[in-house]
Amino acid sequence: MSEPPSDERDRYFMALAQEAANEARAAGEVPVGAVLVRGDEVIATGFNHPIGGHDPSAHAEMVALRAASRALENYRLPGCELYVTLEPCLMCAGAIMHARISRVVFGAPDPKTGACGSVVDVFANERLNHHTTVVGGVLADDCGHALRNFFAERRQLAREERDARRAREAAFTLPTSSDTP
């Protein structure tokens with residue numbers, strides 16, 4: 001994984017990926033977005049929706065790859081670049097390689113499932129027959145902030161629901177014989 005360049009083009013396309021991530025958030029999904037480009041043309045976008053789609057493979061990258069393959073009528077996407085707000089996982093990294101994506105640019109690293117260097121580095125394996133250039137950390141603070149806020153809000157909501165359930169249960173608890181005079 002190389003250091004993030006000070007490249008306006010990368011920041012521009014990452015901002016588009018962030019817009020896609022906002023769509024995921026609005027749908028109640030983990031806010032990850034992806035944009036697939038060829039040259040300066042956006043071919044496809046995608047956002048996470050495994051929960052709503054009942055599909056464990058519905059990661060932003062996979063959605064964008066599927067849409068781009070349909071748009072270009074080819075499962076191989078040579079010369080294309082993928083911008084994604086979170087470091088791709090193993091599943092997505094495998095699909096990226098099979099699609100022959102030339103370059104992946106991601107925002108926030110994923111210390112739990114990242115396959116571009118955080119946990120494993122699939123793209124650094126010299127024995128594989130396709131090699132993708134990876135750039136990490138483009139708008140990383142913004143991308144990471146969106147994810148942290150999402151999970152903080154979910155934890156807060158879970159606490160509030162738990163507290164409300166406990167309050168309802170306490171209100172309906174019948175007094176025991178030891179509670180009466």
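Predicted model: local features only at pLDDT ≥ 70, side-chain atom pairs only at ≥ 80, totals over all residues.

Student: Fine. Which residues does UniProt list for "binding site"?

Tutor: The UniProt record, an unreviewed entry, lists His59, Cys89 and Cys92 under "binding site".

Student: Why do they count as gathered at one spot?

Tutor: They span 34 residues in sequence, but no two of their C-alpha atoms are more than 9.2 Å apart, so they gather at one spot. His59 and Cys89 from this set are also part of the lining of the largest pocket.

Student: Where is His59?

Tutor: His59 sits in the loop between α2 (50-53) and α3 (60-72).

Student: What does His59 contact, leaving aside its neighbours within four places in sequence?

Tutor: With those neighbours left aside, His59 is in contact with Asn48, Cys89, Met91 and Cys92. Its relative accessibility is 23%, so His59 counts as partly exposed.

Student: And Cys89, is that buried or exposed?

Tutor: Cys89 is buried, because its relative accessible area is 13% and the cut-off for buried is under 20%. Cys89 is in the loop between β3 (80-86) and α4. Apart from neighbours within four places in sequence, Cys89 is in contact with His59, Glu61, Thr113 and Ala115.

Student: What is around Glu61?

Tutor: Leaving aside neighbours within four places in sequence, Glu61 is in contact with Ala34, Leu82, Val84, Leu86, Pro88, Cys89 and Cys92. Cys89 and Cys92 are also listed in the record for "binding site".

Student: How long should α3 be, going by its residues?

Tutor: At 1.5 Å a residue, the 13 residues of α3 should span 18 Å. The end C-alpha atoms of α3 are 18 Å apart, which agrees.

Student: New topic. How many residues are in the largest nonpolar core?

Tutor: The largest nonpolar core has 44 residues, and Leu36, Leu65, Leu77 and Ile101 touch the most other members. Helix α4 (residues 90-99) supplies the largest share of this core, 6 residues.

Student: Take Leu77. What does Leu77 contact, leaving aside its neighbours within four places in sequence?

Tutor: With those set aside, Leu77 is in contact with Leu36, Leu65, Ala68, Ser69, Leu72, Ala99, Arg100 and Ile101.

Student: Where does Arg100 lie?

Tutor: Arg100 lies in the loop between α4 and β4. Its phi is near 65 degrees, which is a positive value in a residue other than glycine.

Student: What about the phi of His54?

Tutor: His54 has a positive phi of about 50 degrees, although it is not a glycine. His54 is in the loop between α2 and α3, and with a relative accessible area of 72% it is exposed.

Student: Okay, aromatics. How many aromatic pairs are there?

Tutor: A search of the whole structure finds 3 aromatic pairs. In one of them, the rings of Tyr12 and Phe13 have centres 5.1 Å apart and planes at 70 degrees, so that pair is edge-to-face. Phe150 and Phe151 form an edge-to-face pair too, at 5.2 Å centre to centre with 80 degrees between the planes.

Student: Which residues form one aromatic cluster?

Tutor: Tyr12, Phe13 and Tyr83 do.

Student: Phe150, buried or exposed?

Tutor: Phe150 counts as buried, at 5% relative accessibility. Phe151 counts as partly exposed, at 33%.

Student: Last one. Which residues are buried in α5?

Tutor: In α5, Cys143, Gly144, Leu147 and Phe150 are buried. What covers the buried residues of α5 includes α1 (8-26), β3 and β4 (103-108).

Key:
Residues numbered from 1 in each chain as written. Heavy atoms only, no water. Core = buried A, V, L, I, M, F, W, Y, C linked by side-chain atoms within 4.5 Å. Buried < 20%, exposed > 50% of the residue type's maximum accessible area, 1.4 Å probe, protein only. Helix = DSSP H or I, 4+ residues; strand = E, 2+ residues; numbered from the N terminus. Contact = heavy atoms within 4.5 Å. UniProt positions renumbered as here; feature names shortened; annotations may be inferred. 1 Å grid on protein atoms, 1.4 Å probe; cavity = no way out; pocket = protein on both sides within 12 Å on 5 of 7 lines; lining within 4 Å. Phe/Tyr/Trp six-rings, centres within 6.5 Å; stacked < 30°, edge-to-face > 60°. Expected span 1.5 Å × (residues − 1).
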